[in-house]
Amino acid sequence: MQNQEEINRLKNVVQQLLDEAKQQGASGAEAAFSVDNGLSVSARLGEVETVEYHCDQGIGVTVYFGQKKGSASTNDISADSLKETVKAACSIARYASDDAYSGLPDAELLATEFPDLDLNHPWDIDAEQAISIAIECENIARGYDKAISNSEGASVNTHQGTRVFGNSLGFLQGYQSSRHSLSCSVLAGSGDAMQRDYWYSVARNAAGLESARQVGEKTAQRTLARLNARSLSTRQCPVLFASEMASGLIGALIGAISGGSLYRKSSFLLDTLDTQILPDFVRIHEQPFLRGALGSASYDSEGVATRARDIVSDGILRSYILSTYSARKLGMQTTGNAGGVHNLTVEPGSNDFAGMLKLLDTGLLVTELMGQGVNRVTGDYSRGASGFWVENGVVQYPVQEITIAGNLKSMLRNIVAIGNDVDLRGNIRVGSILLEQMAIAGE
Amino acid sequence: MPLLEQVTQSILAVNGLQTQDIDRVMAALLSVPVDAADIYFQSSHFESWSMEGGIIKEGSHSIEHGAGVRVVSGDKTGFAYSDRIELPILLEAANNVKAIVRQGQQAQRQIEVAKSWPQLYQPLNPLKSLEDQAKIDLLKRVDSETRKLDSRIEEVMVSLIAAYDSVLIANQDGSLAADVRPLVRMNVTVIMVENGRREQGSMGGGGRSDYSFFLENDRAFEYGREAVRLAQVNLQAQEAPAGNMTVVLGPGWPGILLHEAIGHGLEGDFNRKGTSAFSGRVGERVASDLCTVVDDGTLVGRRGSLNIDDEGTPTENTVLIEKGILKGYMQDKLNARLMGVKPTGNGRRESYAHLPMPRMTNTYMLPGSSDPDEIIRSVKKGLYARNFGGGQVDITSGKFVFSTSEAYLIENGQITRPVKGATLIGNGPDVLTKVSMVGNDMALDSGVGTCGKDGQSVPVGVGQPTLKIDGLTVGGTSV
């Protein structure tokens with residue numbers, strides 16, 4: 001369901017910007033215009049806490065004068081402001097250096113097919129209804145067990161937006177999309193033993209959200225499971241990343257094989273194309289055309305066609321993640337990844353979560369990571385963690401105030417197994433990941 | 001009052017509004033009994049320039065403006081915003097948000113908003129403080145001077161950004177407060193290679209000033225020298241140790257310890273709700289008696305400073321911990337009212353499109369009496385951490401992390417060799433009770449901090465003297 005009228009309204013503004021850029025002497029230009037409307041409500045302790053109405057718009061333009069480039073943006077779409085914005089971009093381009101690699105994408109790489117990806121499902125819900133869902137969800141979490149002692153509340157968010165992109169090569173496309181979520185966070189215990197956890201569900205179509213009951217119960221269960229957590233002694237042991245943590249591990253890999261890190265030589269996976277970077281059972285591929293998925297798109301943020309393709313197969317790196325600019329810097333061709341990846345999928349293995357715990361046997365299950373201790377240049381990895389100590393495939397007790405450390409290069413090579421308990425709530429789709437060994441620091 | 005006139009002109013008049021129009025929107029908000037209401041107008045100009053591979057690669061410029069309309073009744077908040085500063089739109093927003101009020105008290109006059117306050121920074125437009133050509137020349141000079149420092153340098157990246165932010169805050173008591181907030185920042189990153197090993201070093205700084213800040217005291221070039229020094233150190237770094245050990249933190253930016261370990265846990269919203277590990281602990285000992293920690297939004301020109309917060313309350317120097325005893329929390333208006341205390345000028349928001357909440361400004365520990373060298377000499381075996389990347393905290397369990405970017409082993413009272421970056425993890429409510437020595441070398445950071453909370457980013461500062469902590473978990477790989 002796409003409102004063509006609204007898309008056309010935005011297209012007209014983008015075309016005006018492109019025309020203005022040409023008028024002001026630019027040899028090339030690209031522009032994007034996005035509008036987003038939304039409602040967020042939160043409830044705490046059984047009553048509404050906040051009601052927020054969102055209404056955002058933003059427009060951005062990049063101009064080229066030969067090989068010089070400048071960008072500008074604004075949220076004011078009056079005719080005067082558009083003119084001023086183009087002027088600001090042109091003024092910057094005059095001061096920028098000639099950069100042999102800068103410029104619009106090659107025309108033949110621009111997307112020409114625009115299948116309906118089923119991304120737009122506005123949620124017909126008003127504040128009162130959203131509040132009652134949030135209250136129900138929080139009530140379920142709070143009522144789940146006597147040990148639930150306090151709450152940070154539950155919230156319902158719904159957003160719907162329109163995005164149009166065009167360039168001076170004649171590309172001008174737009175689409176609408178929606179995104180809804182339900183989340184909850186509660187506390188258990190008191191004083192020094194207090195713990196908090198959360199759960200959320202997110203989907204393009206509200207019908208695909210977990211119910212208030214599911215989210216509330218999961219929130220309560222996750223919070224209760226953390227009570228009486230202790231530290232571990234310093235040791236080496238196998239580590240199982242729960243699926244919601246595994247996506248961060250894959251995210252670090254994606255960062256290291258992205259064009260920007262590669263041409264700046266700030267990656268621990270420099271010059272690894274066509275070499276083994278993962279065990280031979282690992283396949284990672286991109287699925288841009290999944291209907292209704294969170295990361296679907298038929299073109300990237302430069303208008304280049306996206307492609308379903310393997311990034312890693314048999315553990316061998318088959319393709320970097322490139323935009324037009326980074327590809328030219330590396331003497332390659334863009335992979336349609338300006339702005340990021342589209343439903344990056346790690347092929348699931350045969351074990352469910354219980355099977356992965358059995359494989360772990362005795363070691364650490366990580367369910368939360370803290371801090372940013374990942375060095376993309378060297379691959380050195382050291383982060384705060386909490387989770388559970390597991391023996392013989394059975395969870396023994398919760399752990400906290402520990403760190404896990406290693407080097408991503410060897411961590412990736414030493415993946416033992418990947419689960420089929422895939423977390424679909426993000427743009428990276430991966431199950432739990434078992435690593436042979438990491439260094440644990442604790443009390 | 002020139003500042004108020006300047007801002008009224010630049011935000012209201014250019015959009016065809018007058019102060020009477022604010023009264024009309026406020027009247028719509030106050031047609032139901034509420035505890036508080038405000039309208040936050042904002043106009044922001046921003047630019048960035050970046051250099052890499054020896055060329056000026058990118059520049060961008062943005063202008064945004066808008067207004068946020070809020071009503072508060074008890075602990076309930078209604079909020080709407082628009083990027084169009086037009087009367088009919090503001091009136092519609094007012095009518096939408098007041099629906100949250102079902103019953104409530106009569107609107108009360110709360111605090112006297114000061115009509116004037118100290119100017120901690122000048123209402124300058126940093127974007128216009130240098131000609132564009134001069135900005136380019138500065139970047140190029142920093143790039144070329146930095147590249148000369150070491151033959152192992154493979155890449156240098158230099159960035160320069162400036163923001164010029166004007167805000168106008170109308171409160172339900174009829175007061176109007178205005179602020180013009182410049183902010184600049186510069187950053188230098190180098191990548192260095194030796195024998196196939198590749199390491200990075202990064203340094204930057206800034207404050208509420210204009211671009212001349214970087215020309216004073218050779219600051220811009222000093223960032224380059226420091227980035228090179230850090231990369232050089234990292235090229236020598238070996239595996240970091242793993243386990244619990246004595247940790248000495250250097251002065252300045254390592255104050256991120258205070259921001260994560262205690263700062264967030266002392267924000268009023270968490271404590272009103274009882275979700276912080278520090279809830280209900282005012283008057284209790286939470287640190288050794290060597291520790292006095294403040295949050296001070298009144299420092300001249302600092303990145304975290306504000307003349308007034310985003311609710312129009314003048315900022316303060318708030319004592320959080322005095323000689324180890326917890327004294328109080330950082331408050332915005334809503335949480336102060338519900339807890340029956342005074343707002344402390346910590347009500348901040350990322351922009352007109354975000355709700356204010358209690359946030360830190362510049363959080364630091366006052367100096368002690370120990371000589372920093374004496375602190376190092378007192379450690380038989382431990383870690384000396386001089387620079388850090390980011391951090392994070394779970395305010396409920398109190399567990400916090402921060403990651404070193406420059407650290408050394410201490411062996412028999414001597415700093416011996418550099419070790420790789422490692423995450424340190426501790427427990428907020430007791431980490432400061434293990435502080436056994438505090439240096440006399442208190443320093444503030446160079447002006448690079450950005451704090452995230454509930455998806456909102458605001459600029460902040462930190463600082464501290466050299467500190468010795470008797471036991472913190474170091475997350476290295478050497479078990």
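Predicted model: local features only at pLDDT ≥ 70, side-chain atom pairs only at ≥ 80, totals over all residues.
The UniProt record, an unreviewed entry, places the feature "domain: Metalloprotease TldD/E N-terminal" at residues 29-93 of chain A.

Most residues other than glycine have a negative phi. A:Leu45, although not a glycine, has a positive phi of about 55°. This leucine sits in the loop that links strand 1 (28-44) to strand 2 (47-65) of chain A. With a relative accessibility of 39%, A:Leu45 falls between the 20% and 50% limits, and therefore counts as partly exposed.

Turning to the sheet, five strands of chain A form an open arrangement in the order 10-9-8-11-16, with mixed pairing. Strand 10 (316-317) and strand 16 (428-429) of chain A are the edge strands, each pairing on one side only. Strand 8 (residues 284-286) and strand 9 (residues 309-313) of chain A run antiparallel and are joined by three bridges. In this pairing, A:Glu286 stands opposite A:Arg309 of strand 9.

The loop between strand 9 and strand 10 of chain A holds A:Asp314. Here, too, phi is positive in a residue other than glycine, with a value near 50° for A:Asp314. The relative accessible area of A:Asp314 is 47%, so this aspartate is partly exposed.

How values were computed: Residues numbered from 1 in each chain as written. Chains lettered and ligands numbered in written order. Heavy atoms only, no water. UniProt positions renumbered as here; feature names shortened; annotations may be inferred. Pairing = 2+ DSSP bridges. Helix = DSSP H or I, 4+ residues; strand = E, 2+ residues; numbered from the N terminus. Buried < 20%, exposed > 50% of the residue type's maximum accessible area, 1.4 Å probe, protein only.
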